[in-house]
Amino acid sequence: MTIRLANQGDIAPRVARLTKRGHPACSVVLGASIAALLVVLSNGGSLIVSISNVTAIVAMVVVDVAAASDAREHSDLVRGRCGRYAGVRS
(Lines give C-alpha, C1' and ligand atoms only; values in the text may rest on other atoms or scores of the structure.)
Protein backbone atom coordinates (compact mmCIF):
# COMPACT_ATOMS: atom_id res chain seq x y z
CA MET A 1 0.00 0.00 0.00
CA THR A 2 2.83 2.40 0.80
CA ILE A 3 4.39 1.70 -2.57
CA ARG A 4 1.13 2.55 -4.33
CA LEU A 5 0.78 5.77 -2.32
CA ALA A 6 4.35 6.76 -3.19
CA ASN A 7 3.74 6.06 -6.88
CA GLN A 8 0.67 8.31 -6.79
CA GLY A 9 2.67 11.05 -5.06
CA ASP A 10 0.58 10.95 -1.88
CA ILE A 11 3.59 10.24 0.36
CA ALA A 12 7.32 10.82 0.02
CA PRO A 13 9.08 8.14 -2.07
CA ARG A 14 11.67 7.52 0.67
CA VAL A 15 8.89 6.24 2.95
CA ALA A 16 8.15 3.42 0.48
CA ARG A 17 11.77 2.36 0.07
CA LEU A 18 12.11 -1.43 0.13
CA THR A 19 14.74 -3.56 1.84
CA LYS A 20 16.80 -6.13 -0.07
CA ARG A 21 14.11 -8.72 0.71
CA GLY A 22 11.30 -6.51 -0.62
CA HIS A 23 9.76 -5.28 2.65
CA PRO A 24 8.80 -1.61 3.16
CA ALA A 25 11.29 -0.75 5.91
CA CYS A 26 9.65 2.45 7.10
CA SER A 27 6.24 0.82 7.58
CA VAL A 28 7.73 -2.08 9.51
CA VAL A 29 9.79 0.21 11.76
CA LEU A 30 6.83 2.53 12.37
CA GLY A 31 4.51 -0.38 13.22
CA ALA A 32 7.06 -1.94 15.54
CA SER A 33 7.70 1.42 17.24
CA ILE A 34 4.00 2.02 17.86
CA ALA A 35 3.56 -1.51 19.20
CA ALA A 36 6.56 -1.16 21.51
CA LEU A 37 5.34 2.21 22.77
CA LEU A 38 1.90 0.80 23.55
CA VAL A 39 3.38 -2.14 25.42
CA VAL A 40 5.62 0.14 27.49
CA LEU A 41 2.83 2.61 28.29
CA SER A 42 0.08 0.09 28.98
CA ASN A 43 -0.96 -0.68 32.52
CA GLY A 44 -1.86 -4.34 32.46
CA GLY A 45 -3.00 -4.06 28.86
CA SER A 46 -5.96 -1.79 29.54
CA LEU A 47 -4.54 1.02 27.38
CA ILE A 48 -4.05 -1.32 24.43
CA VAL A 49 -7.59 -2.66 24.76
CA SER A 50 -9.04 0.86 25.00
CA ILE A 51 -7.14 2.09 21.95
CA SER A 52 -8.15 -1.03 20.02
CA ASN A 53 -11.81 -0.48 20.88
CA VAL A 54 -11.72 3.17 19.81
CA THR A 55 -9.92 2.23 16.59
CA ALA A 56 -12.54 -0.42 15.80
CA ILE A 57 -15.37 2.04 16.40
CA VAL A 58 -13.74 4.64 14.16
CA ALA A 59 -13.27 2.01 11.44
CA MET A 60 -16.94 1.03 11.69
CA VAL A 61 -18.00 4.68 11.37
CA VAL A 62 -15.81 5.10 8.28
CA VAL A 63 -17.33 1.99 6.70
CA ASP A 64 -20.86 3.18 7.53
CA VAL A 65 -20.21 6.59 5.97
CA ALA A 66 -18.79 4.95 2.85
CA ALA A 67 -21.79 2.61 2.61
CA ALA A 68 -24.23 5.49 3.02
CA SER A 69 -22.43 7.47 0.34
CA ASP A 70 -22.49 4.48 -2.00
CA ALA A 71 -26.19 3.89 -1.31
CA ARG A 72 -26.94 7.53 -2.03
CA GLU A 73 -25.17 7.25 -5.41
CA HIS A 74 -27.20 4.14 -6.30
CA SER A 75 -30.54 5.25 -4.87
CA ASP A 76 -32.19 4.98 -8.30
CA LEU A 77 -32.21 1.17 -8.09
CA VAL A 78 -35.42 -0.55 -7.06
CA ARG A 79 -35.47 -3.79 -5.05
CA GLY A 80 -36.71 -6.67 -7.18
CA ARG A 81 -37.79 -10.17 -6.28
CA CYS A 82 -35.76 -12.35 -3.92
CA GLY A 83 -34.05 -9.31 -2.43
CA ARG A 84 -31.98 -8.63 -5.54
CA TYR A 85 -31.73 -5.28 -7.25
CA ALA A 86 -33.67 -5.30 -10.49
CA GLY A 87 -31.90 -2.27 -11.94
CA VAL A 88 -35.23 -0.64 -12.81
CA ARG A 89 -35.23 3.11 -12.45
CA SER A 90 -38.06 4.58 -10.43
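## Confidence

In this predicted model, confidence within the chain is lowest in helix 1 (residues 2-8), where the mean pLDDT is 76, and highest in helix 3, where the mean reaches 89. Averaged over the chain, the pLDDT is 78, and 82% of the residues score at least 70.

## Overall architecture

The chain contains three helices and zero strands, so that its elements, read from the N terminus, follow the order α-α-α. Of its 90 residues, 4% count as buried, and the accessible surface amounts to about 7,700 Å², with 63% of that area belonging to carbon and sulfur atoms. Among the contacts in the chain with a separation of 6 or more, residues 24 or more positions apart account for 3%.

## Packing of helix 2 and helix 3

The axes of helix 2 (residues 25-41) and helix 3 (residues 46-73) come within 7 Å of each other and cross at roughly 130°. Since angles over 145 degrees would count as roughly antiparallel and those from 65 to 115 as roughly perpendicular, the two helices are therefore oblique to each other.

On the side of helix 2, the contact involves Leu38, Val39 and Leu41, which meet Leu47, Ile48 and Ile51 in helix 3. The residues of this contact comprise six nonpolar, no polar and no charged ones.

## The loop between helix 1 and helix 2

Arg14 is located in the loop that lies between helix 1 and helix 2, and because its relative accessibility is 62%, Arg14 counts as exposed. The C-alpha atom of Arg14 is separated by 9.9 Å from that of Ile3, the two residues being 11 residues apart along the chain.

Technical notes. Residues numbered from 1 in each chain as written. Predicted model: local features only at pLDDT ≥ 70, side-chain atom pairs only at ≥ 80, totals over all residues. Heavy atoms only, no water. Axes fitted to C-alpha atoms, helices over the stretch in contact; angles between N-to-C directions. Helix = DSSP H or I, 4+ residues; strand = E, 2+ residues; numbered from the N terminus. Parallel < 35°, antiparallel > 145°, perpendicular 65-115°, else oblique. Contact = heavy atoms within 4.5 Å. Nonpolar A, V, L, I, M, F, W, Y, C, P; charged D, E, K, R; others polar. pLDDT = per-residue confidence, 0-100. Buried < 20%, exposed > 50% of the residue type's maximum accessible area, 1.4 Å probe, protein only. Areas by Shrake-Rupley, 256 points an atom, 1.4 Å probe, with all protein chains shown as cover.
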